[in-house]
Amino acid sequence: MTTPETSETVGGMALHLGQLTRCKMIATDGVLTIEQHGICCPIDHLSMKRADRGVTVTDPSGQMHLDLVEHLFSALGGLGIRSGIRIQTEDRELPLLDGGSLQWAKALRKLRIPSSAPTMRIVGTGTITVGASTYELMEADSYDYGVSIDIKHAQILETTSQWNGSASDFIDRIASARTFGFMNEAAALRETSRARGANLKDVVVLCDDGSSISDPKPMPDECVRHKLLDLIGDWNLWAGLPLGKIRAHRPGHQANYEAARRSISEGLVQRVGTR
């Protein structure tokens with residue numbers, strides 16, 4: 001029987017900063033905690049600070065600022081990890097790695113942290129609308145998350161994707177889906193200091209003529225699978241993924257965050273055992 005590792009360090013180029021960053025994941029007792037420059041904060045106490053092409057979180061004191069957390073948070077949610085780990089970094093942004101969550105998930109798997117029981121659950125049926133995004137929530141005894149998108153592009157042949165809540169399904173099918181963007185937005189993004197570290201291997205770049213200049217080319221369902229990956233990561237920030245059925249149409253980071261917040265404040269999602 002092999003002895004599990006007590007820590008794993010991952011590093012690489014940061015998508016927005018355009019410089020090398022790294023992160024250490026340490027198996028420990030207690031709740032899931034983020035640490036930056038000596039400031040420690042349980043994930044439940046973090047809040048979203050910005051959500052333009054990536055999610056930045058901050059702690060209640062406003063001293064912590066950590067960007068591009070959604071792919072790591074998606075891996076944590078996909079593996080059902082809610083405790084027993086401390087995420088430690090001295091950088092302002094987590095590395096892009098493979099553009100999805102697969103490298104994060106593989107590193108977490110090496111730590112052999114057991115999955116946690118659900119901490120939140122959907123307790124009724126309702127629809128939350130945030131701008132052009134809609135979220136249908138239904139009570140169920142299992143995880144059943146699905147997304148649909150309206151993006152019209154020759155590289156995007158499939159516009160729906162679902163996840164059944166299993167860690168193996170997340171690793172095998174969802175975690176490898178790379179983040180994506182459009183070539184005609186690149187200049188504007190860089191003017192706002194975003195996407196300075198983008199590359200054509202780990203980011204799917206879609207062009208106006210229907211092509212993609214990325215290598216490898218995107219799979220027909222890769223973009224919608226990444227939207228599902230983002231949904232899992234964004235909702236995981238709010239005290240854990242809620243047990244139940246979610247159908248998100250045209251989801252985005254800001255809309256995901258607001259829909260999750262409202263579902264809790266309106267009583268549609270509650271902590272397990274509160275009813």
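Predicted model: local features only at pLDDT ≥ 70, side-chain atom pairs only at ≥ 80, totals over all residues.

Residues are numbered from 1 along each chain as its sequence is written, and side-chain values use heavy atoms, with hydrogens and water left out.

**Helix α5 with helix α1**

- The axes of helix α1 (residues 70-79) and α5 come within 7 Å and cross at roughly 80°, the axes being lines fitted to C-alpha atoms, for helices over the stretch in contact, with angles running from 0 to 180 degrees between N-to-C directions.
- The two helices, α1 and α5, are therefore roughly perpendicular to each other, a term that covers angles of 65 to 115 degrees.
- On the α1 side E70, H71, F73, S74, L76, G77 and G78 take part, and they meet H226, L229, D230, I232, G233, D234 and N236 in α5, where contact means heavy atoms within 4.5 Å.
- The residues of this contact of α1 with α5 divide into 4 nonpolar, 7 polar and 3 charged, with Ala, Val, Leu, Ile, Met, Phe, Trp, Tyr, Cys and Pro counted as nonpolar, Asp, Glu, Lys and Arg as charged, and the others, Gly among them, as polar.

**Helix α5 with helix α6**

- Helix α5 (residues 222-236) and helix α6 (residues 253-265) have axes that come within 9 Å and cross at roughly 45°.

**Nonpolar cores**

- The largest nonpolar core has 71 residues, and those with the most contacts inside it are M25 and F73; such a core is a set of buried Ala, Val, Leu, Ile, Met, Phe, Trp, Tyr and Cys residues joined through side-chain atoms within 4.5 Å.
- Helix α5 gives the most to this core, with 7 residues.
- Apart from it lies another core, of 5 residues, among them L15, L96, V203 and V205.

**Residue N236**

- N236 lies in helix α5 and is buried, with a relative accessible area of 2%, where buried means under 20% with a 1.4 Å probe and protein chains only.
- Not counting residues up to four places away in sequence, N236 touches I43, F73, L76, G77, R82 and L241.

How values were computed:
Helix = DSSP H or I, 4+ residues; strand = E, 2+ residues; numbered from the N terminus. Buried < 20%, exposed > 50% of the residue type's maximum accessible area, 1.4 Å probe, protein only. Parallel < 35°, antiparallel > 145°, perpendicular 65-115°, else oblique.
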